[in-house]
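The sequence and structure come first, and the description follows.

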Amino acid sequence: MPGAARVFVWLLQVATGALIGAMAGGRGGALAGVLLVLVALLLIEGRRAARLLAWLHDPAGKPPVGDPLWQEFNLMLSRQRRQHAAELARLEAEVGRFEAAGQAIPDGVVALDPDLRIRWVNRLGARHFRLDPRSDRGNLLTHLVRDPQFSAFMTRGDFAEPLLLHPTHQPGLALQVFVVEFGDAQRLIVSRDVSDREQVERMRRDFVANVSHELRTPITVVSGFVETLAELDPDEATAALANVLPLLQKQMKRMQSLVADLLTLARLESTPEPPPMKPVDLPALLTGMVADARAVNGDLHPIHCAADPGLDLRGTPGEIRSIAGNLLNNALRYSPEGSRVEVTWQRATDARGQVVGVLAVRDEGPGIAAEHLPRLTERFYRVDSGRSRDTGGTGLGLAIVKHALTRHGGHLEIESEVGRGSEFRAVFPAERLVSNPTGP
Ligand code: ADP
């Protein structure tokens with residue numbers, strides 16, 4: 001054992017000092033010898049200790065070498081130092097892993113001290129609350145998030161329900177803010193982006209409001225007539241009925257169209273996208289549709305139809321009929337008497353040089369101002385509400401067209417100029433097209 005051996009050596013050295021001292025000067029000499037040896041030992045060991053201390057302060061250089069006892073001491077210290085460094089590296093790796101996990105959380109996270117100072121914030125948390133993860137560390141969160149609602153929420157201290165926050169720095173952003181308390185009065189602020197959910201909820205509310213609004217007029221008209229008729233005696237009622245019947249029919253038809261379009265939209269949204277199904281004879285479908293329109297419209301509009309007889313389209317017949325029907329119907333309803341309507345179906349090349357199938361409906365109607373074009377396919381969006389309703393429009397036709405087209409991998413293009421007319425193009429991708437050399 002180096003410690004015991006060392007003590008033994010020290011004792012031996014002291015005894016040797018005493019012996020030599022005694023031989024030289026008797027009892028007094030022995031005492032002087034002991035003292036001399038002790039002082040020398042103190043100096044030697046003190047110097048070694050000083051060197052060791054200096055190395056401990058600045059461990060960059062080599063550890064001092066001394067006698068086995070000090071070497072053992074050095075060795076133990078170096079070993080502890082290495083263990084300490086390894087433990088530190090392990091802890092740093094652990095913290096790194098924890099930080100990476102914190103960054104990967106799909107919500108914003110801000111860790112707070114008991115006095116609401118920021119300890120740590122992940123990227124999403126920094127974005128949600130507009131914080132700088134480095135420079136804002138140690139600052140009061142309530143000083144940095146200057147929102148009265150948020151401050152009141154944090155001060156109230158009741159975190160059973162999350163706070164719905166609309167940060168002013170990012171319009172449209174909606175956050176659900178949760179506070180999780182843990183440990184010694186520490187807090188985690190968790191922020192979840194619910195903007196999409198809010199938007200869907202807003203759309204749902206708007207949709208319900210729009211449908212109610214659309215139904216209110218026909219229901220009011222019909223119920224008004226029914227109440228008036230109920231107050232008349234039977235003969236008067238029969239005579240009056242003949243007059244109001246066309247009006248009643250018109251309102252009933254309006255409600256029927258609305259319900260039919262709503263059901264079509266609901267079906268488009270709730271059923272999976274159609275696979276590339278068996279070819280639909282689109283030229284025949286268009287010819288039939290145009291013939292029906294001519295029969296209904298009489299001579300109101302000259303309708304010209306030019307469909308490539310050798311080009312069929314893969315898809316769902318009902319949805320393709322809906323696309324063509326809505327576009328033709330709109331052209332007839334919005335263009336003045338006597339103006340020409342043209343329907344074409346052919347192969348074409350798009351701006352990227354890809355082959356596409358284009359079903360185009362052109363009219364010489366009033367045209368549509370550019371600012372309305374991007375919104376035309378929104379539900380219930382109308383440029384001319386009066387004309388739309390007078391002609392039996394529901395405001396859902398182009399929304400249905402867009403939906404049905406998207407399900408067929410296609411899209412809608414609109415070109416229009418006020419006073420010159422409009423062209424609506426349903427564009428289908430090449431994989432939907434089928435050559436039909438035996439076309440009619
Ligand atoms: P609506 O049932 O009102 O026709 P749509 O969704 O089919 O609903 O069309 C939306 C709006 O776009 C219409 O209200 C109308 O203002 C405008 N629009 C559609 N087609 C034409 C067209 N060919 N010419 C002029 N305006 C049109």
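This is a predicted model: local features need pLDDT of at least 70, side-chain atom pairs count only at pLDDT 80 or more; totals for chains, interfaces and linings use all residues.

β9 and β10 form a hairpin with five residues between the strands. In the turn, G353 has a positive phi of about 80 degrees.

β10 also pairs with β12, residues 421-429, in the antiparallel sense and over eight bridges. In that pairing V356 stands opposite P429 in β12. Strands of a sheet pair through backbone hydrogen bonds, which may be parallel or antiparallel in sense.

Is β10 largely enclosed or left open by the rest of the structure? Seven of the nine residues of β10 (355-363) are buried, so the strand is largely enclosed by the rest of the structure. The cut-off behind this reasoning is a relative accessible area under 20% for a buried residue.

**A three-stranded sheet**

An open sheet is formed by three strands in the order β6-β8-β13, with antiparallel pairing. Its edge strands are β6 (279-280) and β13 (433-435), each of which pairs on one side only. Two bridges join β6 to β8, residues 311-314, and these strands run antiparallel. P279 stands opposite R314 in β8. Helix α8, residues 282-297, lies across β6 and β8 and runs at about 100 degrees to β8.

**The ligand and its shell**

There are 20 residues around the ligand, and those that come nearest are N330, Y334, S388, G395 and L398.

| Protein atom | Ligand atom | Distance |
|---|---|---|
| N or O atom in the side chain of R333 | oxygen | 3.1 Å |
| Polar side-chain atom of D363 | nitrogen | 2.9 Å |
| Backbone N or O atom of T394 | oxygen | 2.9 Å |

On its own the ligand has 520 Å² of accessible area, and the protein covers 97% of that area. The elements that give two or more residues to the shell around the ligand are α9 (317-334), α11 (397-407) and β12. Which element gives the largest share of the shell? The largest share, four residues, comes from α9.

Note on methods
Residues are numbered from 1 along each chain as its sequence is written. Side-chain values use heavy atoms; hydrogens and water are left out. Buried means under 20% relative accessible area, exposed over 50%, partly exposed in between (1.4 Å probe, protein chains only). Two strands pair if DSSP finds at least two bridges between them. Contact means heavy atoms within 4.5 Å. Axes are lines fitted to C-alpha atoms, for helices over the stretch in contact, and angles run from 0 to 180 degrees between N-to-C directions. A residue is near a molecule or strand if one of its heavy atoms lies within 4 Å of it. A polar contact is a pair of N or O atoms within 3.5 Å; within protein, one must be able to donate a hydrogen and the other to accept it, and residues adjacent in sequence count only if both atoms are side-chain atoms. Accessible areas come from the Shrake-Rupley method with a 1.4 Å probe; for residues, only the protein chains shown count as cover.
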